[in-house]
Amino acid sequence: MWLLAVTTTFWGLLLAPGFALQIQCYQCEEFQLNNDCSAPEFIVNCTVNVQDMCQKEVMEKSSGILYRKSCASSAACLMTSAGYQTFCTPGKINSVCISCCNTPLCNGPRPKKRGNAGTVPRAGVLTTILLSSLLFLSPAQC
């Protein structure tokens, strides 16, 4: 019975969204003037188990806004973004903002707000809860 509980928990966590070993990000290595490179042709698969974050760099110049997006390791991205915090003043010329995120295509355009979508439990979590409940409610126990 305990083997079933462990197996159920393992598969529930494995199937939970966001547990993927590979992430997809938008990537444009060179700055794109007034083009945030969030079109399908800019989507890349990041290196498995190495690049676990997406990075976005936004630089505001007098000629317009420049973008650079890429895959990154969490350590490199977080160090870079922390180093540029003092240069990040959105809306001002010569501002440079670097951000990191760890969900698929999160360095793309801002998602449109959708009601209460953030309160819906993930499918993997629901599966784990339901299977665990069945396990503990079953009459036969070992």
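Helices (DSSP runs of H or I, at least four residues) and strands (DSSP runs of E, at least two residues) are numbered from the N terminus. The model is predicted, with local features requiring pLDDT of at least 70 and side-chain atom pairs pLDDT 80 or more, while totals for chains, interfaces and linings use all residues. Residues are numbered from 1 along each chain as its sequence is written, and side-chain values use heavy atoms, leaving out hydrogens and water.

**View A. Overall course of the protein chain.** The protein chain contains 3 helices and 6 strands. Along the sequence, these elements follow the pattern α-β-β-β-β-β-α-β-α. Of its 142 residues, 27% are classed as buried (under 20% relative accessible area; exposed is over 50% and partly exposed lies in between, with a 1.4 Å probe and protein chains only). Where contacts (heavy atoms within 4.5 Å) link residues at least 6 apart in the sequence of the protein chain, 65% of them join residues at least 24 apart.

**View B. The open sheet of 4 strands.** The strand order of this open sheet is β2-β5-β4-β6, and the pairing is antiparallel (two strands pair if DSSP finds at least two bridges between them). At its edges are β2 (28–33) and β6 (96–101), each of which pairs on one side only. Strand β4 (residues 53–61) and strand β5 (residues 64–72) are antiparallel and joined by 9 bridges. The hairpin connecting β4 to β5 passes through 2 residues. Between β4 and β6 there are 6 bridges, again in the antiparallel sense.

View C. Towards β5, Cys54 stands opposite Cys71, and Glu60 stands opposite Ile65. Towards β6, Gln55 has Cys100 as its bridge partner. In a regular strand, side chains alternate between the two faces of the sheet.

**View D. Glu57, a buried residue of strand β4.** Glu57 belongs to β4 and counts as buried, its relative accessibility being 9%. Apart from neighbours within four places in sequence, its contacts are Phe31, Leu66, Tyr67, Arg68, Val96, Cys97 and Ile98.

View E. Six residues make up the largest nonpolar core: Ile23, Cys25, Cys46, Cys54, Cys71 and Cys101. A nonpolar core is a set of buried Ala, Val, Leu, Ile, Met, Phe, Trp, Tyr and Cys residues joined through side-chain atoms within 4.5 Å. With neighbours within four places in sequence left aside, the contacts of Cys54 include the core members Ile23, Cys25 and Cys101. Cys54 is also in contact with Gln24, Ser70, Cys77, Ser99, Cys100, Thr103, Leu105, Cys106 and Asn107.

**View F. Val48 and Ile23.** Val48 is located in the loop between β3 (43–45) and β4. Its relative accessible area is 41%, and Val48 is therefore partly exposed. Val48 and Ile23 are 25 residues apart along the chain, and their C-alpha atoms are separated by 7.6 Å.

**View G. Two loop residues with positive phi.** Cys37 is placed in the loop between β2 and β3. The phi angle of Cys37 is near 45 degrees, a positive value in a residue other than glycine. Cys37 is buried, with a relative accessible area of 0%. Leu105 lies in the loop between β6 and α3 (123–137), and its phi, likewise positive in a residue other than glycine, is near 60 degrees. The relative accessibility of Leu105 is 27%, which makes this residue partly exposed.

**View I. Lys69 over the ring of Tyr26.** The charged end of Lys69 sits over the Tyr26 ring, 5.5 Å from the ring centre (the criterion is NZ of Lys or CZ of Arg within 6 Å of the ring centre and within 35 degrees of the ring normal).
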